[in-house]
Amino acid sequence: MSIYLLLYFLILGNVLGSFYNVIGMRVPEKKMFHSERSCCPSCQHRIKAYDLIPVVSYMVLGGKCRHCQQKISWLYPFTELVTGLLFGYSYLVIGLQWELITAFVLISMAAILFVTDMRFMLIPNKILMFFLPLFLILRIITPLEPWWDPIVGSVLAFVLLFFVILFSRGGMGGGDLKLFVLLGMVLGWKGVLLTFFLSTIIGAAISLLLLSAKILKRKQAIPFGPYILLGALITYFHGDAMLGWYTDSFF
Ligand SMILES: [Zn+2]
């Protein structure tokens with residue numbers, strides 16, 4: 001482990017995280033993100049380069065736009081910070097191996113979909129279709145054990161979510177299904193089951209908390225994507241240990 005590499009990945013994740021914010025905010029609105037520079041979402045003022053430093057700028061500006069004083073969503077610094085921390089964490093857990101790229105790609109997709117689902121309750125096909133070939137290639141370079149695990153994982157994810165959607169009526173949608181199929185490719189079939197288990201448990205717990213604190217209204221729809229992504233990341237990093245503990249204790 002090199003402290004310089006760790007710092008490098010922390011900063012890389014932060015910088016990419018601010019880029020993923022921009023993608024996540026603009027892809028659902030069908031704006032092309034490379035044709036124009038970053039603007040304030042409320043006054044459309046162009047944001048100067050010195051105000052685009054991840055996290056730091058947000059704190060210097062006190063969470064407000066320099067021009068219209070409109071509050072800037074906490075989603076921006078949150079996504080930047082967490083992407084950075086997760087990049088650093090991946091390096092600590094995995095080290096300098098090919099699998100580290102898979103981790104970075106998974107975190108990148110999670111960051112973008114977190115923004116789109118929180119903002120627009122959307123898991124855009126465009127984003128999933130961008131990451132699908134990347135995961136395919138990465139699972140050829142760094143295969144799971146056994147090699148067919150990603151295929152079984154994807155099929156299981158499809159069948160599982162198909163029936164959940166059929167019987168739950170509204171809780172999860174087609175976007176969640178497609179996301180799960182993609183995650184099956186990365187995590188394998190046990191990973192799919194663990195992700196499903198974790199995301200429903202965490203989702204239910206947090207929803208109950210928000211309901212009892214009256215932050216959430218009873219009929220209000222909540223995006224489920226962030227829970228799936230959180231469950232998937234926990235599974236990705238610690239699934240083997242958790243499943244090992246489970247089989248050791250109960251079988
Ligand atoms: Zn503004």
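**View 1. Buried residues make up 43% of the 251 residues in this protein.** The model is predicted. The protein has 8 helices and 0 strands. From the N terminus on, the order of elements is α-α-α-α-α-α-α-α. The radius of gyration is 19 Å, close to the 18 Å that the globule rule gives for 251 residues, so the protein is as compact as a globular protein of that length. Along its principal axes, the C-alpha trace spans about 60 × 50 × 35 Å. Contacts between residues at least 6 apart in sequence tell about the chain's reach: 69% of them join residues at least 24 apart.

**View 2. Helix α6 packs against helix α7.** Helix α6 covers residues 149-168, and helix α7 covers residues 174-212. Their axes lie 7 Å apart, at an angle of about 125 degrees. That angle makes α6 oblique to α7. The crossing of α6 past α7 is right-handed. Which classes of residue make up this contact? The count is 18 nonpolar, 5 polar and 2 charged residues.

**View 3. Helix α1 crosses helix α4 at roughly 35 degrees.** Helix α1 spans residues 3-26, and helix α4 spans residues 99-120. The two axes come within 9 Å. The crossing of α1 past α4 is right-handed. From α1, the contact uses F9, Y20, N21, I23, G24 and M25. From α4, the partners are L100, F104, S108, A111, I112, V115, T116, R119 and F120. Sorted by class, the contact of α1 with α4 holds 10 nonpolar, 4 polar and 1 charged residues.

**View 4. S57 sits in helix α2.** Helix α2 runs over residues 56-60. Is S57 buried or exposed? Its relative accessible area is 6%, under the 20% limit, so S57 counts as buried. Which residues does S57 touch, leaving aside its neighbours within four places in sequence? They are Y50, D51 and L52.

**View 5. A cis peptide bond joins E145 to P146.** Omega of this bond is near -10 degrees. Where does P146 lie? P146 is in the loop between α5 and α6. Helix α5 covers 125-141, and helix α6 covers residues 149-168.

**View 6. Q44 has a positive phi although it is not a glycine.** The value is about 65 degrees. Q44 lies in the loop between α1 and α2. How accessible is Q44? Its relative accessibility is 48%, and Q44 therefore counts as partly exposed.

**View 7. Q69 also has a positive phi in a residue other than glycine.** Phi of Q69 is near 65 degrees. The residue is placed in the loop between α2 and α3. Helix α3 covers 75-94. With a relative accessibility of 48%, Q69 counts as partly exposed. Partly exposed residues fall between the buried limit of 20% and the exposed limit of 50%, which is why Q69 at 48% belongs there.

Notes:
Residues numbered from 1 in each chain as written. Predicted model: local features only at pLDDT ≥ 70, side-chain atom pairs only at ≥ 80, totals over all residues. Heavy atoms only, no water. Axes fitted to C-alpha atoms, helices over the stretch in contact; angles between N-to-C directions. Helix = DSSP H or I, 4+ residues; strand = E, 2+ residues; numbered from the N terminus. Parallel < 35°, antiparallel > 145°, perpendicular 65-115°, else oblique. Left-handed = near helix turned anticlockwise from the far one by under 90°. Nonpolar A, V, L, I, M, F, W, Y, C, P; charged D, E, K, R; others polar. Rg over C-alpha atoms; globule rule 2.2 N^0.38 Å. Buried < 20%, exposed > 50% of the residue type's maximum accessible area, 1.4 Å probe, protein only. Contact = heavy atoms within 4.5 Å.
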